[in-house]
Amino acid sequence: MESATLPIEHGHHGEPHGPPDANESSRIDKQTLGILLFIVSEVMLFGAFFASYFFLRVVVDPAAWPPHPYELPVPVAGVNTAILVSSSFTVHYALESIRCGNRQGMKLGLLLTWILGATFLFIQINEYAHLGFSARDLSFGSIFYSLTGLHGAHVFVGLMLLSFATIRAFRGHFGPDAKDHLGVEVPGIYWHFVDVMWIIVYVSVYIL
Amino acid sequence: MLAAIKRPGWTRGALGALAGAAFGFGLVISLRAISGLPLYQTEQTGYPHVVVPLILAPLGFLAGFGCFDYWLRWAAGAPTIPDDHSQHGARSWKDYFRFNTDHKVIGIQYICTTFFFFFVGGLMAMLIRAELAQPGTQIVDAATYNSLFSTHAVLMIFVFVIPVFAGIANYVLPLMIGAPDMAFPRLNALSFWMLPLAGILFVGSFLAPGGAFDAGWTGYAPLSTGAPLGQSFFNLGVQFAGASSIATALNFLVTIITMRAPGMTFWRMPLLVWANLSTSLLVVAATPFIAGAQFMVLFDRLLHTNLFQFASGGDVISYQHIFWFYSHPAVYIMMLPGFGIISEVISTHARKPIFGYRLMALALIGIVVLSYSVWAHHMFVAGMFSWLRVPMMLTTLLIAVPTGIKIFSWLGTLYFGKIHTYSTSMLFALAFIVTFTIGGISGVMLGMVPIDIHVSDTYFIVAHIHFVLFGGSVFTIFAGIYHWFPKMTGRMYDEKLGRVHFWGTLIGTWGTFIPMHWIGMDGMPRRVEDYASQFGNWNLMISCFAFMLGAIQLVFLYNMIVSWRFGPKAPANPWRANSIEWQVSSPPPIFNFDEIPRVVGGPYEYGVPGARHAIMAGEGADVPAAEPSVVGSA
C-alpha cells in the first residue's frame, strides 16, 4: 500500500543501460489506481467484519441490542464523527492548495488533518476506557471492539501516511504539477476512505 | 561485521527477526507484569508471549532484509536518490537470495520457493497415504494424522498453487504486455518475501506444544477457537500469505491496466493476461475475507472475544459464511491462471488461433462475477438457512456454463489443428482438459443438494478436490513450467524425461483419485486415519498409485535441475509462438526490451499469412504503425 504513495522511477534518461520507459496505456496513474484497488480490498475486509456484525445482531437476534446494561455514548461518538469528517475537508484543502502552488496552505491543511485525526483517535481511546464493557462481554462487546478497533487501526495507518506527507511537505517536497503531488493526493484518497468507512460504522453500530 | 549489519541482507534480516521477537516477547511480558497477571499464559489457546513475537519477528526480518528501506527514506522526507538498478536483475545465483526488484528474478524466486513447499506438502501426502494403506492405526496416531492432512492442504493451497501462478505470471506477464517491469517493483519483492515466512509459520507449527494445527485447511470455528497453539500459527501464516497475494494481485492489475505496449488493446491481450486480470480481481476483493475470518478466530483464541462462542451470543455458522466467501472464489484463484496457461500452450502447440477468443475472455469475467454467488454450496449440511440452498445450487450449476465455454473453445482450437504431442507441455494441457472435465462434472454433481448431502465429508469430496486441483491446477502448472522453461532458464529440458514424468503423473493421478469416488459413494469418511476394513483393498491400491505419483515427481525435479545446469542452449523462440515474451532472447535481457515493442495484431494468429502480433524495436519499418491504444483506459 505504501508503495502506492511513492513515485516509482522508470528509466533514467541518459543512462545507457536503464530500462525503457513503459508505455502509458491508461490515463490513470499507477499510484492512484493502486490505492483505489487497495481500498477495494480494505472495503472487503470491513465487509467481513460487517458480515459478522449483522450475523450476531440479526441472525442470532438477541433480545436487546445493545444487550441490557450496556449503552453506547451516541452523542460523544457523534461529535467524534464530526471531527473526522471535517478532517476530510482539510486534507482536500491541502491538495487544492498545492494544486495552485500554495505551499503554506498545503502544510496548514496537512497539519490540521493530522491533528483532527489524532484527536479522533484520542477521543475513541477515551471512549473505550469509559464504556464499562470489554471485548469479552458477550458477542456484542466482541464485535463492537472488533469493528471500531479495526477502523481505529485504519485511522492509525492513515495518520502514518499523513505523517509521511506532512514531513515531506515541511521538507520542501511536492509541487503544483499533477505528478509532483501524488504524495499528498494518494494518502488523501485513503483518508477519505477512512472517513466514509467511519460514517458507515457509526451508522450501523451506534445509530441503527 | 558492522558493514554487514548496516547493509540490507540476511545478517540484518536475522537481527531484525531477533529484535522483533525480543520486542514482542518483552512487550507481552511487561504488559502482563504491569497488569498484575501471571507472566506466562499457557492455556492451549493463549500463549501471547509466543503469538506476538510470531507477528513481529517476520516483520522484523522483512525490515532487516531491506524490504522497507526505500520507503522509509521516502517517508522521512529524504531526497530520492536516482535508482542505480543495483537491486534489479540477477548477475549470479546469489542475487536470487537477495531483495531483488526484477520481475524475472522474483518469478524464479516464487517458482522455486513454491515448489519447495510442493515437495514438503507432497511428503506429507505420502505419509497420509502410508497410514491409509491399511485399516487401523499403523504409522501416525490420530492427532498427528489430523495435523498432517491439515498442513498438507494448507501448504498446497496457500504456498504452492496460489503463489506459483503468481510466480509464473510474474515472469511472463510483463514481457507479454511489453512492460519493462511490474508497476510497483518494490512491492513485488515485498510480496515475494512474505511468502516463505508464511510457509515457515505453517511448517513451524509442528514445533508448537500440542502439535501442528489440526482443524483442516478450513479451520472451522469452534474447532479452531479451542485448538492448541498450532492453530495460531495457521491464523498468522494465512495473514502473511494473504497479504502477499493481495499485494501481487494489485500489482498485476495496475501493471495490466497502465503499462501495456502501444497497440495492445484489451482485445489483443494474450489470454494468460486476461486470466491474471480476472484472478487478480478475485484476489483483491475476496482474500480480505479470509484475513477477516482468521483475525476473528485469533481474537477469540487470544483475547477471548465471543464472536464464535455460542453461549455468549456468538454465531458459529458466520465463520463458515465469511470463510467460504473467500474460499469459494479462491478455487477460481487456483484455476483461472491455469486456464490462461492452457490457452497459451494449446494455441501454440496446435498451431491454431484460439477458438472464440473474446468469448474465452468474457467467460473468465463471467466466472469472476458468478464465483461470488456460490459460496454457501460448501455449507449444505452445516445447518445454515435452508432457503439459501436452492439459490446456491442454481448459481453453482450456472458457473459450469462459462467453464464449459472454455473447455469447448479449447476443443475447437484443437479441432483440425497440427497438434504437437511430442511436447510435454502440450501433453499436460491435453490431459488437463480431460481430467479437469471429470473433476468439473463431479463438481456439478456436488452442486446438487441431495447428492451433496449424501457424499458430504466422504472421499468423494477428496476425489473431486484432487481432480480439479491436482488434475486441474497442478497439470496446468506443469504445462506452464515446461512451456516457459526455455524462456526462464535459456536451456531446453529433456523431452524424454518430460514424457516419463507426464505419463507417470497422469496414471498416478487417475489411479489415486478415481477409486476415491467409489469409496466415497460407499461412505468412507474423509479426515479420519482409520476406516472400515471393507475399504482396505481400494485404499491399498490408492496408496500404491499415490507412491508412484510421488516418486515420479523426482523425475521432474531431476529434469529441471539438470537441464537448467547442463541442458542445450534454448533459442529465443523454440515453440515458434507469437506473443512478445518469445520475441526477446532466452533468458530475456535484464531490462526486457531496449525499446517497447508495438503491438499490431492479435496474439494467436497462427497460420494466418503475414499476421504479426508485435513489432520489436529496430524491425518492421514496412509495417503500419499501431494506433495508440486508449481502449479501456479509465
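A residue is buried if 20 or more other C-beta atoms lie within 10 Å of its own, exposed if 12 or fewer, and partly exposed in between, with C-beta atoms placed from the backbone. By that count A:D61 is exposed, because it has 9 C-beta neighbours inside 10 Å. This is a predicted model: local features need pLDDT of at least 70, side-chain atom pairs count only at pLDDT 80 or more, and totals for chains, interfaces and linings use all residues. Residues are numbered from 1 along each chain as its sequence is written, while chains are lettered from A and ligands numbered from 1 in the order in which they are written.

**Chain A overall**

- Chain A holds 5 helices and 0 strands. Helices (H or I, at least four residues) and strands (E, at least two) are DSSP runs, numbered from the N terminus.
- The element order of chain A from the N terminus is α-α-α-α-α.
- Its C-alpha atoms fill a box of roughly 70 × 35 × 25 Å along the principal axes.
- Chain A has 208 residues, and 43% of them count as buried.
- Among contacts in chain A with a separation of 6 or more, 75% join residues 24 or more positions apart. Two residues are in contact if their C-beta atoms, placed from the backbone, lie within 7 Å.

**Interface between chains A and B**

- The interface brings 48 residues of chain A into contact with 58 residues of chain B.
- On the chain A side, the elements that give two or more residues are α1 (30–59) and α4 (138–170).
- α1(A) supplies the largest share of that side, 16 residues.
- The chain A side divides into 26 nonpolar, 14 polar and 8 charged residues. Ala, Val, Leu, Ile, Met, Phe, Trp, Tyr, Cys and Pro count as nonpolar, Asp, Glu, Lys and Arg as charged, and the others, Gly among them, as polar.

**Domains of chain B**

- Chain B is divided into domain 1 (2–72) and domain 2 (101–566). These bounds come from an automatic or database domain assignment.
- The C-alpha centres of domain 1 and domain 2 of chain B lie 32 Å apart.
- Their contact takes 15 residues from domain 1 of chain B and 17 residues from domain 2 of chain B.
- Helix α3 (residues 48–65) of chain B gives the most to the domain 1 side, with 9 residues.
- That domain 1 side divides into 12 nonpolar, 3 polar and no charged residues.

- Helix α7 (residues 185–204) of chain B has 20 residues, which should span 28 Å at 1.5 Å a residue; its end C-alpha atoms are 29 Å apart, which agrees. The expected span of a helix is 1.5 Å times one less than its number of residues.
- α7(B) is mostly covered, with 18 of its 20 residues buried.
- Helix α5 (residues 103–132) of chain B packs with α7(B) at an angle of about 10 degrees, with the axes 10 Å apart. That makes α5(B) roughly parallel to α7(B).
- Axes are lines fitted to C-alpha atoms, for helices over the stretch in contact, and angles run from 0 to 180 degrees between N-to-C directions. Angles under 35 degrees count as roughly parallel, over 145 as roughly antiparallel, 65 to 115 as roughly perpendicular and the rest as oblique.
- In this contact α5(B) contributes residues including B:I106, B:Y110 and B:F117, and α7(B) contributes residues including B:A189, B:F192 and B:L195.
- The residues of the contact of α5(B) with α7(B) divide into 10 nonpolar, 5 polar and no charged.

**Helix α18 of chain B**

- α18(B) has 31 residues and reaches 45 Å from its first C-alpha to its last, close to the 45 Å expected at 1.5 Å a residue.
- Its buried residues include B:I542, B:L549, B:F556 and B:M560.
- The buried residues of α18(B) pack against α5 and α17 (495–521) of chain B.

**Backbone details in loops**

- The peptide bond from A:W65 to A:P66 is cis, with omega near 0 degrees. A:P66 is in the loop between α1 and α2 (74–99) of chain A.
- A:D61 lies in the loop between α1 and α2 of chain A. Its phi is near 55 degrees, a positive value in a residue other than glycine.
- B:S586 and B:P587 are joined by a cis peptide bond, with omega about -10 degrees. B:P587 lies in the loop between α18 (536–566) and β1 (598–599) of chain B.
- B:R576 is found in the loop between α18 and β1 of chain B. B:R576 has a positive phi of about 55 degrees, although it is not a glycine.
- B:R576 counts as exposed because 12 other C-beta atoms lie within 10 Å.
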